[in-house]
Amino acid sequence: MRDANTRAVYLSEYQPPAFVVESLELDFDLAAATTEVTTRMAVRRNPQAAEPNGALRLYGDGVELVSLTVDGAEPGEGLLEQDGEGLLLHGLPEAARLEIVSRCHPEQNTALEGLYASSGNLCTQCEPEGFRRITFFPDRPDVLTTYRVRLEADRAQYPVLLANGNRVEAGELDGGRHYAVWEDPFPKPSYLFALVAGDLACQRDTFTTMSGREVALELYVEAHNADRCDHALASLKRAMRYDEEAFGREYDLDVYMIVAVDDFNMGAMENKGLNLFNAKFVLASPDTATDSDFVAIESVIAHEYFHNWSGNRVTCRDWFQLSLKEGLTVFRDQEFTTDCTLFGVKRIDDVAMLRAFQFPEDAGPLAHPVRPDHYAEINNFYTLTVYEKGAELIRMLRTLIGRETFRRGLDLYFKRFDGQAVTTDDFVAVMAEASGRDLARFKRWYTQAGTPHVTASTAFDGPGGPARITLAQETPPTPGQAHKEPVVIPVRVAFLGADGQRIRARREGDDAARDEWVLELDAAEHTFCFEDLSAEPVAISWLRGFSAPVILNANQGVDELAHLLAHDDDAFARWEAAQTLFRRAIRARIEHDAADSALEAATEHALRALIEDPAIEPVLLATILQLPPTRELAELFERVDPVRLRMERDDLEKRLYAPLAGAMQQIQPKLDDVDNGAFTAEAMGRRQLRNRLLALRVAAGDQAAVPEALAQYQKARSMTMRMGALNAVNELDHEARQVLLTDFEQRYRDDPLVLDKYFGLQAGSQVPGGFERLEALLEHPGFRWTNPNRVRAVLGPFMARNERHFHQEDGAGYRRMGGFVEKLDAMNPQTAARLAQPLTRWQKVDSARGEQMRAELERLAALELSRDLRDVIERALADT
């Protein structure tokens, strides 16, 4: 759709639908060139509608209308109106039966919304508004109905016919055709509809629910990928058991199906009983997938399964409530991964991602609340704010009301709203009812954009004397929200003594002493008092477990941070101590144009002690040793030269770790000991540590490390260790890099998902010749502009990690990326809009580069663009 002047949609204008759909039957005559759809629906006027005699809106986008009847007759003159949004039916009776025949063209659908062709198969993506690309329908999330779907197609071309629910009928037809009928007994909105037709292999398993029902598990892939499904199926079974044990949620259909699709805009889609997945989040073997890939597959498989309750059985009333399902489900999948796979470091990984991506989003021109109050294009609100920050809100709620109360509230939520479309207010109201707490002020988190800044100060009245902690909060202005009200911020804290142990004390108003507290900051400023301290504190462990998505400044000294790094029993707080030291050192270089030698020496000493500590877990050590990425570091400054920032980051890494090369080599796990393919937290942690230490030694200039990287690549039995070697040398202008990359490309050139790793390494490297490499990648026989994975694999790393070329001073990188975004917009607006977002950060880079970036945005703004891309660009330029 090319629509430069689309009117914004406002939450305040929400009205219930004029009609409810009591039942729906869909009959598909499937073919790639043209698919004909016969839609039969029973509708009845909605007693809750604002207009008792309102028209029935049937949305349609690019769908050809063949015929339409109401109760068997064509509508009278003037009763059927066709406009830019679809159809309007006027003068309908209280109840009616509609039959609509329409056509769509899957093989022409490069936007990958609605019904489209992928690798010879047909599949769908309907969230948020793709169903209207299939047929005319009241395509909104608060219209729920039961579906009966009949699929008919050529058997030779499409031997597998799948849809939501349970298959109730199938058979052969004349002319080499066949059919299948599927019924979903649970009412659902149209965004959860799915079908798949194709030539696919099926890997099968079963799962017995906690009530004793046997559920068939079916995973569909192209035949040559059938040997890479075991991990996905095992992950699914773990997720199903976990949802029963941790959340009391049991699966409700007879079959659960997953289909791996090559061409997919997102990660996966939770369609009821028939999940469609980007193939990268299904297919894995030790030779083709890294440990990170295995973890991501497990997480995404779980996420989509958990949606069966948090999203499907209870769905969102309108798209402003998107975080109702996504924030809650992200929280649930994070809990699953934490408890089942990554334990303590999962929380650190989540925080690192928030800081590198969501915090900048919340501070930039695209900032919006978790529950926005308006949008121009809903596709652009599938953001980290809605998903990841939304999950943080759920986590804070649990912290505030307690785990047991939260579980009671969640059970009540699912029981009360099963089969309904509801709002975030409904969710918070249930939690308030279960806990007996007034959560009205907490709801500000849903309506205010931006990341709160918390300032902490302390005062101690000598050994054993009272202690005071003063917390103050302020949230910077964001687009459309100049003034912010205080929010409820749970700050988990502990005092540490000289021996590194937590100190007991009694908080004013409490009956008993404790060694950890959740301080609720619900005003602009508040002071908390503590008495009867069992020892004198030498450090305070702040925001333990990252108890709130805020930026906290406690102005801790270097000695205090080193003490926390050595002794804190909270993994996040320990990691945060190192991150704070790294950030201070880089800030000193940028702001004062000189290194803070004393700070860096103290940091190096603390890191050495950590490396030589035999008690620290390998995965935690590997995580702590990594410096923050430049995208996160940029948020320390109002504007910054991104090329210099990357250089200063890399130089600091070299200065800190060059003196530690020998110590790192001594503790580096041996390749034969770790390259065993075991999918356990311990095994993955040891592999991560080996790869991290090898990369740091290479970056620090350790001459012995490059031959080790070559040997590791050649001996590797897994993709984790092979990629570890490649990542270690990827920023070296050295023949070793080219030797390994050439071998990797030749070895995996026929495996698209693995080839994406090659694309990312080449595009993301700052080694000279970046533009020439980029052009060569775009001409590679494995690259396709119509495949989002390929496009993201090349252009994403170029913009995210290749500061030297993307931010080239003459603006050439911006102009090239702008041209690519323009090209993509004509094919796939969703992908184009997402890839344009690095260009929206023009006010964060130095002024000269910012003007170049802004000029490219203005050039794009003058073109005829999709609604998706225009929305992003106009918001980015709104302040100019």
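This is a predicted model: local features need pLDDT of at least 70, side-chain atom pairs count only at pLDDT 80 or more; totals for chains, interfaces and linings use all residues.

Me: What makes H20 and H21 roughly antiparallel to each other?

Reply: Helices here are DSSP runs of H or I with at least four residues, strands are runs of E with at least two, and both are numbered from the N terminus. Helix H20 (residues 735-748) packs on helix H21 (residues 752-764) at about 155 degrees, and their axes are 9 Å apart. The axes are lines fitted to C-alpha atoms, for helices over the stretch in contact, and angles run from 0 to 180 degrees between N-to-C directions. The cut-offs are under 35 degrees for roughly parallel, over 145 for roughly antiparallel, 65 to 115 for roughly perpendicular, and oblique for the rest. H20 and H21 therefore count as roughly antiparallel.

Me: Which hand does the crossing of H20 and H21 have?

Reply: H20 passes H21 in a left-handed crossing. The rule is that the near helix is turned anticlockwise from the far one by less than a right angle for left-handed, and clockwise for right-handed.

Me: Which residues of H20 and H21 meet?

Reply: Contact means heavy atoms within 4.5 Å. On the H20 side there are Arg737, Leu741, Phe744, Glu745 and Tyr748, and they meet Val754, Leu755, Lys757, Tyr758, Leu761 and Gln762 in H21. By class, this contact of H20 with H21 has seven nonpolar, one polar and three charged residues. In that scheme Ala, Val, Leu, Ile, Met, Phe, Trp, Tyr, Cys and Pro are nonpolar, Asp, Glu, Lys and Arg are charged, and the others, Gly among them, are polar.

Me: Why are H1 and H6 called roughly perpendicular?

Reply: Helix H1 (residues 230-247) and helix H6 (residues 403-417) pack at about 110 degrees, with axes 11 Å apart. That angle falls in the perpendicular range, so H1 and H6 are roughly perpendicular to each other. Glu245, Ala246 and Phe247 in H1 touch Arg407, Leu410 and Asp411 in H6. The contact of H1 with H6 splits into three nonpolar, no polar and three charged residues.

Me: How do you know that H10 is roughly antiparallel to H11?

Reply: The axes of helix H10 (residues 571-592) and helix H11 (residues 597-611) come within 10 Å and cross at roughly 150 degrees. This is past the antiparallel cut-off, so H10 is roughly antiparallel to H11. H10 passes H11 in a left-handed crossing.

Me: How many bridges pair E10 with E15?

Reply: Strand E10 (residues 121-125) and strand E15 (residues 195-198) have two bridges, in the antiparallel sense. With at least two required, E10 and E15 therefore pair. Cys123 has Val196 in E15 as its bridge partner.

Me: What makes E13 and E14 a hairpin?

Reply: Strand E13 (residues 166-173) and strand E14 (residues 177-188) run antiparallel, joined by seven bridges. Three residues lie between E13 and E14 in the hairpin, and Gly175 in the turn has a positive phi of about 75 degrees. Glu172 stands opposite His178 in E14.

Me: Why is the pair of Phe320 and Tyr375 called tilted?

Reply: Rings of Phe, Tyr and Trp (its six-membered ring) pair if their centres lie within 6.5 Å, and planes under 30 degrees apart are stacked, over 60 edge-to-face and the rest tilted. The rings of Phe320 and Tyr375 have centres 4.9 Å apart and planes at 45 degrees, so the pair is tilted. Phe320 and Tyr375 are 55 residues apart and link distant parts of the chain.

Key: Residues are numbered from 1 along each chain as its sequence is written. Side-chain values use heavy atoms; hydrogens and water are left out.
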